[in-house]
2 protein chains.
Amino acid sequence: MLTDRQLLILQVIIDDFIRSGQPVGSRTLSKKEEITFSSATIRNEMADLEELGYIEKTHVSSGRVPSEKGYRYYVDHLLSPQRLTHEDIAKIKSIFAERIYELEKVVQKSAQILSDLTNYTSIVLGPAVKDNKLKQIQIIPLNKETAVAIIVTDTGHVENRVITIPASINPSDLEKMVNILNERLIGVPLVDLKDKIYKEVANVLRAHIRNYDSMLKTISDTLDLQPAEKMFFGGKTNMLSQPEFNDIEKVRSIMTVIEQEKDFYNLLRKHNKQGIQVTIGKENQLRGMENCSLITATYSVGEKQLGTIAVLGPTRMEYSRVITILNRVASDLSTVLTQWYQNN
Amino acid sequence: MLTDRQLLILQVIIDDFIRSGQPVGSRTLSKKEEITFSSATIRNEMADLEELGYIEKTHVSSGRVPSEKGYRYYVDHLLSPQRLTHEDIAKIKSIFAERIYELEKVVQKSAQILSDLTNYTSIVLGPAVKDNKLKQIQIIPLNKETAVAIIVTDTGHVENRVITIPASINPSDLEKMVNILNERLIGVPLVDLKDKIYKEVANVLRAHIRNYDSMLKTISDTLDLQPAEKMFFGGKTNMLSQPEFNDIEKVRSIMTVIEQEKDFYNLLRKHNKQGIQVTIGKENQLRGMENCSLITATYSVGEKQLGTIAVLGPTRMEYSRVITILNRVASDLSTVLTQWYQNN
DNA sequence: GTTAGCACTCATAGACATCGAGTGCTAAAT
DNA sequence: ATTTAGCACTCGATGTCTATGAGTGCTAAC
């Protein structure tokens with residue numbers, strides 16, 4: 001196990017490196033207030049810390065740099081709690097300043113503020129729509145063959161899709177069918193719609209509508225769209241300001257990861273544990289994220305977890321500050337959203 | 001005016017520079033097939049071309065590089081027509097392969113294919129919704145205070161917004177009002193809605209609904225949302241592969257322009273002349289686009305111009321190829337969309 | 001156990017030489 | 001009157017060398 005002195009040294013090294021971005025040497029360390037012993041002692045301790053894998057040298061006679069293991073230990077045990085300034089808090093509050101009742105806009109604004117506050121890239125995974133409950137189905141004919149199907153959920157989310165209407169269905173049938181669907185399906189979570197249609201609604205339709213089967217297929221396909229949570233980004237270009245990304249290749253690799261939304265989305269989806277989750281460097285399975293750390297938190301309405309907010313930065317990230325900010329934003333977001341949407 | 005020989009030299013210089021990205025010297029030129037005279041002659045001609053401002057040196061004894069004036073002349077007079085390969089054409093056709101009737105998806109796919117084909121960044125300005133005609137208005141109550149207002153247009157586009165309902169309005173009033181709105185407003189272009197409401201619908205409402213004024217305000221505000229055309233991007237990271245952007249600062253400036261969507265959107269809006277429009281380097285008024293060229297074309301349904309497709313690349317762009325591709329995509333897009341939507 | 005001292009390492013930066021692609025100019029060739 | 005060969009010159013790029021200095025590990029003294 002590490003001695004107290006080793007822990008102190010590890011902490012100071014990481015703190016200093018996060019601040020400066022430069023390898024930290026024994027002399028620099030010995031000048032710090034917290035450090036009461038000489039550079040030679042530090043050198044000995046650093047040699048041990050290196051042997052244990054917590055720090056690394058960039059070359060034989062360079063100062064030390066935290067390894068991923070070092071960051072991991074730091075994040076798990078050595079974080080010094082941060083206090084947010086009044087400005088920071090004001091900015092966070094400003095997410096909810098305008099009484100915008102649209103979830104998406106609040107979420108988008110959160111992403112923007114988050115990147116503002118941290119100077120890193122932020123990602124917010126919008127509310128999962130699939131658990132929303134159906135409020136209303138509408139089918140609005142556009143012309144003979146096509147119509148717009150609209151689904152409204154209890155949170156006010158609207159999904160829509162253009163569908164083609166089988167020629168065998170006439171307008172009055174269509175209307176009748178929509179009525180039946182609404183009677184039977186309101187309150188059902190979107191994710192269960194398709195199931196419910198085949199199990200419970202199909203035979204009702206059969207009783208009332210000619211050629212119901214051609215339509216049934218169309219409808220169930222339409223309702224089957226499991227809309228993915230939208231991703232909102234903030235400060236995509238902030239990465240470019242980080243000194244570790246002065247190499248164009250590194251920029252490209254990380255930018256490509258971000259733009260390649262699908263994989264990144266799946267990665268975020270996995271980060272759905274309550275509380276703060278930190279993955280450092282190669283812990284991120286995604287190719288191209290080796291030099292990055294990802295910190296995530298979740299937000300919810302009442303007990304129901306809604307989505308994820310995240311900050312992406314270099315492994316040399318201000319973990320303390322970012323974690324504090326994420327915690328705060330997540331909790332404020334949850335509080336406000338619960339207030340708005342709880343009583344439906 | 002330029003002599004034929006000067007034009008030839010200018011063209012070959014620009015062609016070669018676009019291909020290689022390297023300053024072109026007299027010796028390199030003299031080895032080209034098209035060039036029958038010696039390097040010394042070329043040097044004399046190049047000195048003249050430089051004096052006239054069509055080409056520049058990067059330093060005293062370097063080869064020549066096209067100036068913006070040179071590119072401008074090249075684009076206006078020297079483009080050698082390109083033929084698209086079968087693969088290129090197949091890719092363009094693939095935009096319409098799946099019978100996706102949703103305009104937005106087609107447009108998004110166009111952006112992706114466009115960046116695929118060119119290796120630059122593409123931007124497609126989605127169909128302008130404001131000229132669409134109203135097909136139906138719906139207001140769906142969510143709970144006591146809020147409701148979703150939904151507007152469907154004749155092209156199948158759906159706009160929605162959460163609104164708060166004044167306490168003084170009861171559900172049956174709401175329904176009555178929606179009916180009135182639909183009776184009076186169907187077929188009206190979205191852009192004219194607000195006007196029409198105040199001029200023609202307000203007094204009808206007054207006759208039928210108590211407290212109509214508190215609701216009128218809400219409604220007209222809602223309908224007033226002039227939804228901006230959406231921008232779809234393709235290949236945002238393609239810029240990073242361009243050798244002229246190996247400087248992180250240049251990358252940052254251009255990325256910031258793109259991410260800062262608003263200004264860029266306004267810029268694109270101005271590019272609404274029929275046909276191909278090319279702006280080179282500083283001709284682009286936007287700060288940060290000095291090293292870029294933008295090529296745009298428009299697409300339409302029937303006679304009605306719908307939106308803009310664009311390719312953004314370094315000033316050293318393959319103008320010929322990009323223009324050919326843009327022309328093709330724009331015309332295919334127009335043809336297909338006209339086919340789909342003409343007969344409404 | 002701690003620290004002073006010292007030899008050693010290596011990235012970084014500046015000075016300097018070399019190379020080569022390119023130029024402009026002049027004088028000869030066409 | 002053009003065109004071209006020849007030549008001196010420029011300057012970015014590349015490579016070598018040398019100092020500098022921040023850093024290390026190790027040893028011996030405290």
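## Surface around DNA strand D

In this predicted model, 20 residues surround DNA strand D, the closest being A:Ser26, A:Met46, A:Arg64, B:Thr41 and B:Ser61; a residue is near a strand if one of its heavy atoms lies within 4 Å of it.

Helix 3 of chain B gives the most, with 4 residues. Helices are DSSP runs of H or I with at least four residues, numbered from the N terminus.

An N or O atom in the side chain of A:Arg43 is 3.2 Å from a base nitrogen of DNA strand D. B:Arg5 places a polar side-chain atom 3.0 Å from a phosphate oxygen of DNA strand D.

## Surface around DNA strand C

DNA strand C is surrounded by 20 residues, with A:Arg5, A:Thr41, A:Ser61, B:Ser26 and B:Met46 the closest. Of its atoms within 4 Å of the protein, 78% belong to sugar or phosphate and the rest to bases. Helix 3 of chain A contributes the largest share of the surface, 4 residues.

## Basis of the values

Residues are numbered from 1 along each chain as its sequence is written, and chains are lettered from A and ligands numbered from 1 in the order in which they are written. Local features need pLDDT of at least 70, side-chain atom pairs count only at pLDDT 80 or more, and totals for chains, interfaces and linings use all residues, while side-chain values use heavy atoms, leaving out hydrogens and water.

Technical notes. A polar contact is a pair of N or O atoms within 3.5 Å; within protein, one must be able to donate a hydrogen and the other to accept it, and residues adjacent in sequence count only if both atoms are side-chain atoms. Helices (H or I, at least four residues) and strands (E, at least two) are DSSP runs, numbered from the N terminus.
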